[in-house]
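Good morning, everyone, and thank you for making time for this short talk.

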Amino acid sequence: MDHAMRFAEPDSIEEVLSLLAADPEARCLAGGATLVAMMNAGLTAPSLLVSLRKLPGLASIDPQADGAVRVGAMARHATVAAHDGFAGAQAILAAAARRIGHPAIRTMGTIGGSISHADPSADYPTAITAADAVVEIAGPEGARAVPADEFFVDWLETALAPGEIVTGVVVPPDATDAAVHYEKFTRADGDFATVAAAACVALAEDGAVAALRVAAGGVAPTPIRRREAEAALIGRPLTEDGLAALGAALADLSDPIDDMRGSADYRRRLLPRIVGRAVRRAAAAFTARSGARSGTGPQAGGVA
Amino acid sequence: MTAELDEDALVPLRVTVNGRAQALACGGGETLLTLLRERLGLTGAKRGCNQGLCGACTVLLDGQPVRACLTVAATCADRRVETAEGLLRGARLSPVQQALVDGGAVQCGFCTPGMTMALTALLRAEPRPDAARVREALSGHLCRCTGYVKIVEAALAAAEAQAQKGADGAAAGDADARAEGAAP
């Protein structure tokens, strides 16, 4: 080690920001699941670790007056996975959190750390993009909020300016009360996704699609969505042709890489299959839930 | 492996390890795994991948399984750490440890302490898990001897043994109560 790594664990955001402002080589330490792995591999050696563990209000998940849910940056994956206060499309965060790594990783890792690292094969970036969540940021110039699809800028790159930190993720209320499914394809359980899709689906009484949001991960430098292709499926029954069109639209926008989890070509071919599966399963979950609520049991329909 | 120890920027650290409160000092970026193995001589937790992937370093922090290799030691201030060494009661193995031995679930042994801690946390939270829950708790724990089947069987046997012990304890208690009730 070239230099001694220092450690600080402040109990106010102001102190965190002033430590980060004073030292460009300082890094925030959230759960450590990524940063410490990189330190152990010799990929980074911050001069100062600024632990966020003692900051008040950063680890909690809080309902907002308007029906939004604010997930603090230091909320652990296991906490989000078990949270039962999400409604409709908001629940895609819990569905994704359940698929992150393994039990001992989910007790450590945090949502703020995951999205700040911005690995497009990670689960949260895709999930918060599908949920139209807003990222809360604190920095030397004050606080600001950035929508998820503007937060992820490029491979491992976010809209965070130097000296800024993520303080939370605000997940808007979902008036459509969609059901969700997070579909993740991996060769080994707990790995980063080869391809993943986060789907939020609501159906009308006649089985037509009432609301649809789908984000795909692991297929481009950032999570991707095709809002116009989502909109094209609204008001019609869900069909294989419709899903294929959505999958093709996403595949057109994709820009995957070759790596040990799969070739770019493989990912491009896999993407429509995973998207279709995510949407069908979300739709099936919506149908099953409606049936359970109306007391008539699961109804036919939903997927033509 | 003292090269891992970073003596220049020591952070004071009060931490309870296996029930014993300790006043220590650690490097600013030092991991809990280095602290345990190299400052405290507790070599149960193993350094396998040092990337959080293999599970061999898993310990309990405030009762929850964590990767010691990814945990910055200084963040453990005023918290409780449990390692495989802490499961011993004198020379007696814990029910999970005993079941692993009895079930032939230990081969080279490198993954065993991490598996043991994961199973200990599981059985505390869920005394009667099914095989699927055991496998889920063990996901992220690699055994390169590939002895997974026996490890899962041992976990279920440990749960059974604990339940049996509980039932025996309750029965003994009932017997005591009856004896007391019958006493003049």
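**Domains, contact and core**

In chain B, the domain assignment, whose bounds come from an automatic or database source, gives domain 1 (1-87) and domain 2 (89-184). This is a predicted model, so local features need pLDDT of at least 70 and side-chain atom pairs count only at pLDDT 80 or more, while totals for chains, interfaces and linings use all residues. Residues are numbered from 1 along each chain as its sequence is written, and chains are lettered from A and ligands numbered from 1 in the order in which they are written.

Within chain B, 16 residues of domain 1 are in contact with 14 residues of domain 2, where contact means that C-beta atoms, placed from the backbone, lie within 7 Å. On the domain 1 side, the largest share, three residues, comes from β3(B), a strand being a DSSP run of E of at least two residues, numbered from the N terminus.

Turning to the two chains, the contact between them takes 27 residues from chain B and 25 residues from chain A. Strand β4 (residues 64-67) of chain B gives the largest share of chain B's side, four residues.

Finally, the largest nonpolar core has 148 residues; such a core is a set of buried Ala, Val, Leu, Ile, Met, Phe, Trp, Tyr and Cys residues joined through C-beta atoms within 7 Å, and buried means that 20 or more other C-beta atoms lie within 10 Å of the residue's own. Strand β12 (residues 195-203) of chain A supplies the largest share of this core, nine residues. Among the residues with the most contacts inside the core is A:Leu93, and the residues that A:Leu93 touches include A:Val71, A:Phe86 and A:Val171.

How values were computed. Buried ≥ 20, exposed ≤ 12 C-beta atoms within 10 Å, placed from the backbone. Lists of a residue's contacts leave out its neighbours within four places in sequence.
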